[in-house]
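Hi there,

Here is the structure I promised to pass on. Have a look at it first, and then read my notes below.

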Amino acid sequence: MNAEKKHIALVTGATGGLGTHIAKRLSDDGYIVCANYRSAAKAREWQEKMQGEGYTFHLYKADVCDYDEVGDMIATIEKDHGTIDILVNNAGITRDGIFKKMSKDNWADVIATNLTSVFNCSRHVINQMIDQTYGRIINISSVNGQRAQFGQVNYAAAKAGMHGITKTLAIEVANKGITVNTISPGYVATDMVMAVPEEVRNKIISGIPVGRLGGTGEIAHLVSFLAAPETAFITGANYAINGGQHVY
Ligand code: CAA
């Protein structure tokens, strides 16, 4: 690794609740942050807000479900900035509903956005990381990939699958200076969690021993830790960060 090179980070779904704080934290750490987005209108507004807060992000549009679009985005980033050193697979959606009523689309959309996206993005960066013998891949999963959550068969399957990718990819590239890890946040104060009906949400919060929702900054802090060159011996791990909601 060239010590003078400023590391390049790509955060998928950067304009979302967790993505925003992850992007900010990596920028605070000194990385050049490429922010992936899907909706142009939301991204424009987001960039203005970020600039107002003093952050400069490089925005790149791609639907992470689309293998070729992701490939084009990564080729453009490499042309603009150089090889990606840190990939944070953060983009994700929910389409909650009980299984007996779950539509095929709500299954497929969640699997594509939350799981296939990890293949798409990681596959397009991995060979360059191998060539430079350095890389950090951080997959943002969920406590609900580790335990059961009523109404989330699709989401739980995708989030558990993410860690399946982590474990095997980690051992395949372990001798190439690349680490692959999963972070499994619990319920964090984002729009995604606030979309859960209030009554249901309050019941969930009452089951979190720490007694509150997690903070987006707390998740970003863990991403920052795993992104650092000093964490070279941590790979294939799954970090729970859930306020004690699920211990095992
Ligand atoms: N446990 C057991 N039974 C439950 C239940 C629960 N948690 N929730 C609902 N039920 C039962 C109801 O009692 C009802 O039973 P009957 O049919 O026998 O009367 C049945 O299930 C249907 O209940 P609803 O009419 O409330 O069903 P719904 O379709 O309107 O809503 C739901 C169900 C979509 C799952 C809703 O309860 C919900 O949104 N739950 C929250 C899911 C959740 O936690 N999502 C996390 C989103 S945030 C995120 O995912 C981020 C992260 O990583 C943590």
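Let me start with Gln 245, which counts as buried because its relative accessibility is 15%, under the 20% cut-off. Gln 245 sits in the segment after strand 7. Setting aside neighbours within four places in sequence, Gln 245 is in contact with Val 143, Arg 147, Gly 186, Tyr 187, Ile 204, Gly 207, Ile 208 and Pro 209. Please keep in mind that this is a predicted model.

Now for the overall picture. The protein has eight helices and seven strands. For 248 residues, a compact globule would have a radius of gyration near 18 Å, and the protein, with 17 Å, agrees with that. Along the principal axes, the C-alpha atoms fill a box of roughly 50 × 40 × 35 Å. Buried residues account for 47% of the 248 residues. Of the contacts with a separation of 6 or more, 75% are between residues 24 or more positions apart.

As for the surface, the accessible area of the protein is about 11700 Å², and carbon and sulfur atoms contribute 53% of it. There are 23 positive and 24 negative side chains, with the centres of the two sets 6 Å apart.

Ile 93 is in the loop between strand 4 (86-89) and helix 4 (104-132). With a relative accessible area of 12%, Ile 93 is buried. Which residues is Ile 93 in contact with, leaving aside its neighbours within four places in sequence? They are Arg 38, Asp 109, Val 110, Thr 113, Asn 114, Tyr 155 and Met 192. Ser 206 is 113 residues from Ile 93 along the chain, and the C-alpha atoms of the two are separated by 24 Å.

Val 173 lies in another connection, the loop between helix 5 (153-172) and strand 6. Its relative accessibility is 3%, so Val 173 counts as buried. Apart from neighbours within four places in sequence, Val 173 is in contact with Ile 126, Ile 130, Ile 178 and Val 180. One of these, Ile 130, is 43 residues away along the chain, yet the C-alpha atoms of Val 173 and Ile 130 are separated by 7.5 Å.

Thr 133 has a backbone feature to look at. Its phi is near 45°, a positive value in a residue other than glycine. Most residues other than glycine have a negative phi. Thr 133 is found in the loop between helix 4 and strand 5, and with a relative accessible area of 47% it is partly exposed.

Finally, helix 8, which covers residues 216-227. At 1.5 Å a residue, its 12 residues should span 16 Å, and the end C-alpha atoms are 17 Å apart, which agrees. Which residues of helix 8 are buried? They are Thr 216, Ile 219, Ala 220, Leu 222, Val 223, Ser 224, Leu 226 and Ala 227. An α-helix has 3.6 residues a turn, so residues three or four places apart point the same way.

Terms used. Residues numbered from 1 in each chain as written. Predicted model: local features only at pLDDT ≥ 70, side-chain atom pairs only at ≥ 80, totals over all residues. Heavy atoms only, no water. Helix = DSSP H or I, 4+ residues; strand = E, 2+ residues; numbered from the N terminus. Rg over C-alpha atoms; globule rule 2.2 N^0.38 Å. Buried < 20%, exposed > 50% of the residue type's maximum accessible area, 1.4 Å probe, protein only. Contact = heavy atoms within 4.5 Å. Areas by Shrake-Rupley, 256 points an atom, 1.4 Å probe, with all protein chains shown as cover. Lys, Arg positive; Asp, Glu negative; His and termini not counted. Charge placed at Lys NZ, Arg CZ, Asp CG, Glu CD. Expected span 1.5 Å × (residues − 1).
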